[in-house]
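Dear colleague,

Please find the structure below, handed over for your use. My findings follow it.

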Amino acid sequence: MSNLELEQLREKVDAVNLQILSLINERASVIQDIGKLKEKQGVNRYDPLRERHMLNLLKDNNDGPLDQKTVDHIFKEIFKSALDMQEEDIRKALLVSRKKKAEDTVITINGEQVGSGDPSFIFGPCAVESQEQVMKVAEAIGAKGLKMIRGGAYKPRTSPYDFQGLGLDGLKMLKKAADQYDLAVVSEIVTPGHLEAALDYVDVVQVGARNMQNFELLKAVGQINKPVLLKRGMSATVDEFIHAAEYIIASGNENIILCERGIRTYEKATRNTLDISAVPILKQETHLPVFVDVTHSTGRRDLLLPAAKAAIAIGADGVMAEVHPDPAVALSDAQQQMDLGQFDEYYDALMKFMKQYELKV
Ligand code: PRE
């Protein structure tokens, strides 16, 4: 074959390529319309019967030289890319997505701008146990000029025989201590039925890891006018986490803080595996503030500081950790909470680290 002949054939291929490109793009734009229709109708995007029908039609009309196996293969790839495109379109349309809203969501909590680029901190005991206990912790937090205290009053525990929390009485204790030291209350609510009464005492409603896909609870906290701290489920993918947040925003509440708290893996050296890369992914994909709970992710007091440093260095908007006046007798999570002395050292070390690397505060 002469060079000229080869050139001419390649020119033909180039022209055909352009035709194919224009046709598959024409197809893609029809598929986008189908995707929108299906989304409206709530119909499954994947439709194997439709794909079978299209493959049969192609088979009946295939005059070669491509054999049917190859044609099937090419078209299955085309169908797959159509599905991917429909999914991508839906992700772009998510209200929590960065594509929908480019600028960061900043939530003002007790005068603090959460998500503004300057890290925030939430400390407090795992569970509210007594008035005296939360008073002591609130005093230590207030002395640092911090703005929030956490404490569980409704405790979703693995065993029904473990301490279940003091309920509304616990929230009242936490609120009293918080008021005394000018702190906002962050506390978990486990069922929509508790919400109304709890809102008198809670400033930020936490949805815990075990409830990340409790869709009725997500819808209910989507209707309140207080911020929600949503923890990642222990076996949830980032995509499932983002969709859980979407439930809240779709119900009307945009003030959501995402909280990475470690995921369940085969690793036993830590209580959960801190998925630190989830932080920048969530920051890229969504416009919401992202926190890291260093206590539940590591389950180890000796790792609370390095994990917090890693969280801040990688771009988290805040860190959550547990503090108890006497962890040895704590009714839950005894081995991972800091006592008040450790809390002072921890906070000083973290501030020093942030100053050293000019990470603000
Ligand atoms: C389409 C995409 C995915 C489905 O599995 C079947 C068909 C296609 O690529 O043609 C389009 C589509 O969503 C549809 O016809 O329902």
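Helices (H or I, at least four residues) and strands (E, at least two) are DSSP runs, numbered from the N terminus. Residues are numbered from 1 along each chain as its sequence is written. Please note that this is a predicted model: local features need pLDDT of at least 70, side-chain atom pairs count only at pLDDT 80 or more, and totals for chains, interfaces and linings use all residues.

**Overall form**

The chain contains 12 helices and 10 strands. Its radius of gyration is 26 Å, whereas a compact globule of 361 residues would be near 21 Å (taken over C-alpha atoms; the globule rule is 2.2 Å times the number of residues to the power 0.38). The C-alpha trace spans about 90 × 45 × 40 Å along its principal axes. Of the 361 residues, 38% are buried (20 or more other C-beta atoms within 10 Å of the residue's own, with C-beta atoms placed from the backbone).

**Gly 262**

Gly 262 is found in the loop between strand S8 (256-260) and helix H9 (278-285). This residue counts as buried because it has 26 C-beta neighbours inside 10 Å. Leaving out residues up to four places away in sequence, Gly 262 touches Arg 271, Asn 272, Thr 273, Leu 274, Asp 275, His 296 and Ser 297 (contact: C-beta atoms, placed from the backbone, within 7 Å). Its C-alpha atom is separated by 18 Å from that of Ala 334, 72 residues apart along the chain.

**Nonpolar core**

The largest nonpolar core has 81 residues (a set of buried Ala, Val, Leu, Ile, Met, Phe, Trp, Tyr and Cys residues joined through C-beta atoms within 7 Å). Helix H8 (residues 238-250) gives the largest share of this core, seven residues. Among the members that touch the most others is Ile 257. Beyond its neighbours within four places in sequence, Ile 257 is in contact with Ile 107, Val 114, Pro 227, Leu 229, Leu 230, Leu 288, Pro 289 and Phe 291.

With kind regards

Key
Buried ≥ 20, exposed ≤ 12 C-beta atoms within 10 Å, placed from the backbone. Contact = placed C-beta atoms within 7 Å.
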